[in-house]
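Here is a short report on helices, pockets and a few single residues. Please look through the sequence and the structure before reading on.

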Amino acid sequence: MLENKEDEWQRLEEARERFIHELSKNIYLYGISESVGRLYGTVLFAESPMTLDQMSQELKMSKTSMSTGIRALLEANMVERVWQKGVRKDLYETENDWYKSFSTVFVKRWRTSVDNNLKAVYKLRSTLAELSGTEDETLQKTIETDTAKLDHAQRYYEWLQEVIALFESEEIFKIIPKK
């Protein structure tokens, strides 16, 4: 049985809402809050680029919240500012290249973590080198054990640097092509 047009549109909106709900629940993986995830979903399904005022009206949230949310989405390369002739306000639409968004967030998060962890490895390695040669046999064995653990950790973090470089250079897409 065919539904009337109003019912069909209602079903579409409900389906979109379910999708946006799931998207916003899981968007924390990008370092983005659930409310900003709802903003992203709203912009994603908008018929045309949106102003902050339109977003605010659609989500019934303050324009300040929309501005903060859009800034987070811009930093993650999930939205982009667009221009339309005759429109003086900033307009935003979602970035079509979701791979770019993922890469931006992945690189930013992992680069910082890996760099900090490698600095910690080097610092501990320096302390172990200063203590090396001690006459305390137990301490010397502990230093040797710790050095072996650091060797393992350093190899892992250097491997992660190579993975990050694959994303930065976009070489990853030669290994695993975009779909």
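## T42 and its contacts

T42 touches I20, M50, E58 and L59, leaving out residues up to four places away in sequence; contact means heavy atoms within 4.5 Å. T42 sits in helix 2. Helices (H or I, at least four residues) and strands (E, at least two) are DSSP runs, numbered from the N terminus. T42 is buried, with a relative accessible area of 13%. Buried means under 20% relative accessible area, exposed over 50%, and partly exposed in between (1.4 Å probe, protein chains only).

This is a predicted model, in which local features need pLDDT of at least 70, side-chain atom pairs count only at pLDDT 80 or more, and totals for chains, interfaces and linings use all residues. Residues are numbered from 1 along each chain as its sequence is written, and side-chain values use heavy atoms, with hydrogens and water left out.

## The largest pocket

A pocket is defined on a 1 Å grid over the protein atoms alone, as an open set of points where a 1.4 Å probe fits, with protein on both sides within 12 Å along at least five of seven lines; lining residues have an atom within 4 Å of a point. Volume is the space filled by probe spheres set on the points, which are joined across faces, edges and corners. The largest pocket has a volume of about 350 Å³. It has 15 lining residues, and the closest to its centre are T42, F45, A46, M50 and E58.

Helix 1 (5–26), helix 2 and helix 3 each supply at least two residues of this lining. Helix 1 gives the largest share, four residues. By type, the lining of the largest pocket divides into six nonpolar, three polar and six charged residues. Here Ala, Val, Leu, Ile, Met, Phe, Trp, Tyr, Cys and Pro count as nonpolar, Asp, Glu, Lys and Arg as charged, and the others, Gly among them, as polar.

## The second largest pocket

The second largest pocket has a volume of about 150 Å³. Its lining is made up of Y30, G31, I32, A72, E75, A76, V105, K108 and R109. Helix 4 and helix 5 (98–131) are the elements that give two or more residues to this lining. Helix 5 provides the largest share, three residues. The lining of the second largest pocket holds five nonpolar residues, one polar and three charged.

## Helix 4

Which residues of helix 4 are buried? They are M66, G69, I70 and L73. Seen down the axis of helix 4, these buried residues fall within an arc of 100 degrees, so they line one face of the helix. The arc is that of the directions from the helix axis to the C-beta atoms. An α-helix has 3.6 residues a turn, so residues three or four places apart point the same way. The cover over the buried residues of helix 4 includes helix 2 (34–44), helix 3 (52–59), strand 1 (79–82) and strand 2 (91–94).

Helix 4 has 13 residues (63–75), which should span 18 Å at 1.5 Å a residue; its end C-alpha atoms are 18 Å apart, which agrees. The expected span is 1.5 Å times one less than the number of residues. Just after helix 4, N77 takes a positive phi of about 55 degrees.

## Helix 5 and S101

The 34 residues of helix 5 should span 50 Å at 1.5 Å a residue; the end C-alpha atoms are 49 Å apart, which agrees. Buried residues in helix 5 include V105, F106, V107, V114 and L118. Among the elements that cover the buried residues of helix 5 are helix 6 and helix 7.

S101 lies in helix 5. At 5% relative accessibility, S101 counts as buried. Leaving aside neighbours within four places in sequence, S101 is in contact with Y30, A76, N77, M78 and E95.

## Loop residues

K60 is in the loop between helix 3 and helix 4. Its phi is near 55 degrees, a positive value in a residue other than glycine. At 73% relative accessibility, K60 counts as exposed. E170 lies in the loop between helix 6 (137–169) and helix 7 (172–175). E170 has a positive phi of about 65 degrees although it is not a glycine. At 48% relative accessibility, E170 counts as partly exposed.

E47 is in the loop between helix 2 and helix 3. At 71% relative accessibility, E47 counts as exposed. E47 and T68 are 21 residues apart in sequence and 22 Å apart in space, C-alpha to C-alpha.
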